[in-house]
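Have your viewer ready, and select each stop as we reach it.

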Amino acid sequence: MSKLFFITGVSSGFGQALAQAALDAGHTVIGTVRNEQAREAFAALQPGRSHAYLLDVTDFDAIDGVVAQAQAEVGPVDVLVNNAGYGHEGILEESPLAEMRRQFDVNVFGAVAMMKAFLPSLRSRRRGHIINITSMGGFITMPGIAYYAGSKFALEGISEVAGKEVQQFGVHVTAVAPGSFRTDWAGRSMVRSQRSIADYDQLFDPIRATRAERSGKQPGDPAKAAQAILALTAMAEPPAHLLLGSDALDLVRGKLAQMESDISALEALTRSTDA
């Protein structure tokens, strides 16, 4: 059954792969891009089924107008995919607060603003699916991605709560958490804070060097991720969370096992606070 997708950030990464897969499967795709050249290129992919609109998801005042225009010109959207986002790398003590604000503006506030723009129409139609691309970094952590992980933890929680609120209307929300994939996340799309405190050199310098060296060599295939997301949109009862990639599966399972061990070890202390 053909659906109308709205995908933010279709010029690269998961957004590009998913848009192409959806078009190949016979769906219609509205994609957001950042410049006129990208708009023309996307519209030319499948004339009549690929539609592009200029939008920066941090231009919060513009979102409602673009969404209204797109739905008026193309049709009511069935699936919203919040894909636009980027990674920030840096030791917390070294990273300016302004970089955290920018990270949350794009990865969290932009996604929430898009959800709020679409929910009235999805709710009134009593059907639809919102997919928020998060990360295994929304479950597990490692040194040097405090701002990024914080944004993805936030989006995971927001997605789960929203899903519980709108499920009564036939609208589903799924947080899709990829592991390491061959996208530009660790390459040109990543913002890196400059190093300034030597005390962190031994911990972080090898992590930064390894991440940069492995960029483009990650195990995850974006085309296969796109097929998995298409399969997700075909489910009658899609889940609240979906991990993508064997590394994400292994690392998140390890995190949950460690949490269960920690909770059990301190259960008596936890229960001691009850009246």
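Our theme is the salt bridge, meaning a side-chain nitrogen of Lys or Arg within 4 Å of a carboxyl oxygen of Asp or Glu; by this rule there are 13 salt bridges here. The model is predicted, so local features need pLDDT of at least 70 and side-chain atom pairs count only at pLDDT 80 or more, while totals for chains, interfaces and linings use all residues. Residues are numbered from 1 along each chain as its sequence is written, and side-chain values use heavy atoms, with hydrogens and water left out.

**Stop one.** Select aspartate 78 and arginine 125, whose side chains form a salt bridge at 3.1 Å, N to O. They tie together distant parts of the chain, 47 residues apart: aspartate 78 sits in the loop between helix H3 (60–73) and strand S4 (79–82), and arginine 125 belongs to helix H4 (residues 97–125). Helices (H or I, at least four residues) and strands (E, at least two) are DSSP runs, numbered from the N terminus. Aspartate 78 is buried at 14% relative accessible area, while arginine 125 is partly exposed at 24%. Buried means under 20%, exposed over 50%, and partly exposed in between (1.4 Å probe, protein chains only).

**Stop two.** Now pick glutamate 160 and lysine 164, a salt bridge with its closest N and O atoms 3.7 Å apart. Both lie in helix H5 (residues 146–166), four residues apart, which means about one helical turn separates them. Lysine 164 is exposed, at 62%.

**Stop three.** Finish with glutamate 267 and arginine 271, bridged at 2.9 Å between the closest N and O atoms. Arginine 271 is exposed at 56%.
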